[in-house]
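Here is a short walk through one protein chain. Keep the sequence and the model side by side as you read.

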Amino acid sequence: MTLPMTDMATRFDCGRMAERAVRRGMIIQLLAPGVLVLLVFVVRKRGIGIDESQAPVWLPTLFYVLLGLAVADLLAAFTLRRILLAPLRLRNVLGDTAAVERIVMSATTVTFALGASPVVYGVVLYLLGGTMQQVAVLAIISLLSFRFLRPDVKFLEEVLGEAARG
């Protein structure tokens, strides 16, 4: 049985699923890395970690490697979101609203965690003697990933509608 898009949105309450996913994403991508950066900044100001003046000569190279890894993580997050929310995977559980919601929440958790990884790279770089500017670049990449990876109602309606059409 194929349900129209509006019936799918009503049946699965895409708005509520998107809201829950965004709330989870805010914790994963905004709160947790923010606290981590704050703690590391305080720890470094107390003298733990390598000072910028004593930073290894290979640190700028490491920054560019981590920058490339951050971009690769974002590409992986976009790819994984498409794989984890594949219509074929959702088609098998369309009769169970709780199962659909579990799949959506697990997919968004994985993608948000991958999107938060650049902040972790920045924290490691900072402890190794990197600058706050380098951390800020990686944090901005993480914030942009939150903007582009968060599921909205339209996206969920499209995915569920495609799964229902078969």
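The protein chain has an average pLDDT of 81, and 90% of the residues score at least 70. Confidence is highest in helix α3 (residues 59-84), at a mean of 92. Confidence is lowest in helix α1 (residues 5-12), where the mean is 54. Where pLDDT is low, the predicted coordinates should not be read in detail.

Now go to helix α3, where Arg81 lies. Is Arg81 buried or exposed? Its relative accessible area is 13%. That falls under the 20% cut-off, so Arg81 counts as buried.

What surrounds Arg81? Setting aside neighbours within four places in sequence, Arg81 is in contact with Thr111, Phe148, Leu149, Arg150, Pro151 and Phe155. One of these contacts stands out for its geometry. The charged end of Arg81 sits over the ring of Phe155, 4.4 Å from the ring centre. Arg81 can also be placed relative to Thr109, which is 28 residues away along the chain. Their C-alpha atoms are separated by 9.7 Å.

Phe155 leads on to helix α7, where it is one of the buried residues. Helix α7 runs over residues 153-165, 13 residues in total. At 1.5 Å a residue, helix α7 should span 18 Å.

Last, the aromatic rings. A search of the whole structure finds 2 aromatic pairs.

Methods
Residues numbered from 1 in each chain as written. Predicted model: local features only at pLDDT ≥ 70, side-chain atom pairs only at ≥ 80, totals over all residues. Heavy atoms only, no water. Helix = DSSP H or I, 4+ residues; strand = E, 2+ residues; numbered from the N terminus. Expected span 1.5 Å × (residues − 1). Buried < 20%, exposed > 50% of the residue type's maximum accessible area, 1.4 Å probe, protein only. pLDDT = per-residue confidence, 0-100. Phe/Tyr/Trp six-rings, centres within 6.5 Å; stacked < 30°, edge-to-face > 60°. Lys NZ or Arg CZ within 6 Å of the ring centre and 35° of its normal. Contact = heavy atoms within 4.5 Å.
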